[in-house]
Amino acid sequence: MKQCERGHFYDETRDPECRYCQSVRQTVGATVGLAPAAPLGKTVPVAHGGTPAPGGDLGKTVGVIKKKIGIDPPVAFAVVSGGPHRGEHFALRSGRCFLGRESEADIALPSDDSVSRSAHAVISYDPRAGSFHLAPGQGRGLTYHNGAEVTAAVKLGRYDTIEVGVSTLVFLPLCGPDFTWD
């Protein structure tokens with residue numbers, strides 16, 4: 001594992017440079033570590049699960065809810081209602097959740113070849129506002145919300161449909177006006 005200048009860890013045998021920095025190429029919203037886990041740009045040993053060894057959470061993004069109550073609970077669920085992953089479900093956490101074909105994606109659809117590899121779409125939860133949004137990702141494929149193309153972030157509601165590739169997902173929020181993890 002190698003750490004880029006912004007603190008992201010990536011597998012240099014798979015990616016010649018950090019895929020997070022490569023896809024964003026801007027500093028707004030970039031992940032930054034609170035403390036350096038290792039000298040920047042150096043190869044570091046990794047423990048099981050992709051975390052730097054032995055520093056624990058050092059240099060990792062940790063959700064505000066996790067720090068506040070000691071767990072990282074689900075805030076919503078995405079259930080695949082159509083496509084090769086029909087019947088699978090995914091627990092979404094606070095902050096941004098990435099939908100893609102890679103196994104590292106929060107919503108991983110590896111059998112749908114028409115879904116972009118790492119960030120076809122992004123579902124985010126803002127705990128301050130108690131709202132969910134769907135935004136297009138960095139890939140070439142289109143994302144649809146209730147049948148309409150997503151070109152900018154749109155608000156997600158209960159039972160809304162999300163279409164990516166040949167897959168359709170149903171969005172089921174857990175947190176909102178009636179319930180929060182606070």
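User: What makes arginine 117 partly exposed?

Analyst: Happy to walk through it, keeping in mind that this is a predicted model. Arginine 117 has a relative accessible area of 44%. Buried means under 20% and exposed means over 50%, with partly exposed in between. The value of 44% lies between those cut-offs, so arginine 117 is called partly exposed.

User: And why is glutamate 102 called buried?

Analyst: Glutamate 102 has a relative accessible area of 7%. The cut-off for buried is under 20%, so glutamate 102 counts as buried.

User: How do you know that glutamate 102 forms a salt bridge with arginine 117?

Analyst: The closest N and O atoms of the two residues are 3.3 Å apart. The rule asks for a side-chain nitrogen of Lys or Arg within 4 Å of a carboxyl oxygen of Asp or Glu, so this pair qualifies. The pair links distant parts of the chain, 15 residues apart: glutamate 102 is in the loop between strand 5 and strand 6, and arginine 117 is in the loop between strand 6 and strand 7. By this rule the count comes to 1 salt bridge.

User: Which strands form the open sheet, and in what order?

Analyst: There are 5 strands, in the order 6-5-7-8-11, and their pairing is mixed. At the edges are strand 6 (107–108) and strand 11 (154–156), each of which pairs on one side only.

User: How do you know that strand 8 and strand 11 pair?

Analyst: Two strands pair if at least two bridges are found between them. Here 3 bridges join strand 8 (residues 131–136) to strand 11, so they count as paired, and they run antiparallel. Histidine 133 stands opposite lysine 155 in strand 11.

User: What about strand 7: how many bridges join it to strand 5, and how many to strand 8?

Analyst: Strand 5 (residues 95–100) and strand 7 (residues 121–126) pair in the antiparallel sense over 5 bridges. One place to look is glycine 95, whose bridge partner in strand 7 is tyrosine 125. Strand 7 and strand 8 are also antiparallel, over 6 bridges, with isoleucine 123 opposite leucine 134 in strand 8. Their hairpin has 4 residues between the strands, and glycine 130 takes a positive phi near 70° there.

User: What makes valine 80 buried?

Analyst: Valine 80, which lies in strand 3, has a relative accessible area of 2%. That value is under 20%, so valine 80 is buried. Leaving out residues up to four places away in sequence, valine 80 touches His85, Arg86, Gly87, Glu88, Phe90, Leu109, Thr168 and Leu169. Valine 80 and phenylalanine 90 are 10 residues apart in sequence, with their C-alpha atoms 8.5 Å apart.

User: Which residues touch the most other members of the largest nonpolar core?

Analyst: That core has 23 residues, and Ile107, Leu109 and Leu169 touch the most other members. Several strands each supply at least two residues of this core, including strand 3 (76–82), strand 4 (89–92) and strand 13 (167–173). In soluble globular proteins, nonpolar side chains tend to be buried together.

User: Finally, how many helices and strands does the protein chain have, and what share of its residues is buried?

Analyst: The secondary structure comes to 2 helices and 13 strands. Of the 182 residues in the protein chain, 33% count as buried. The chain exposes about 10,600 Å², and carbon and sulfur atoms supply 53% of it.

How values were computed. Residues numbered from 1 in each chain as written. Predicted model: local features only at pLDDT ≥ 70, side-chain atom pairs only at ≥ 80, totals over all residues. Heavy atoms only, no water. Buried < 20%, exposed > 50% of the residue type's maximum accessible area, 1.4 Å probe, protein only. Areas by Shrake-Rupley, 256 points an atom, 1.4 Å probe, with all protein chains shown as cover. Core = buried A, V, L, I, M, F, W, Y, C linked by side-chain atoms within 4.5 Å. Contact = heavy atoms within 4.5 Å.
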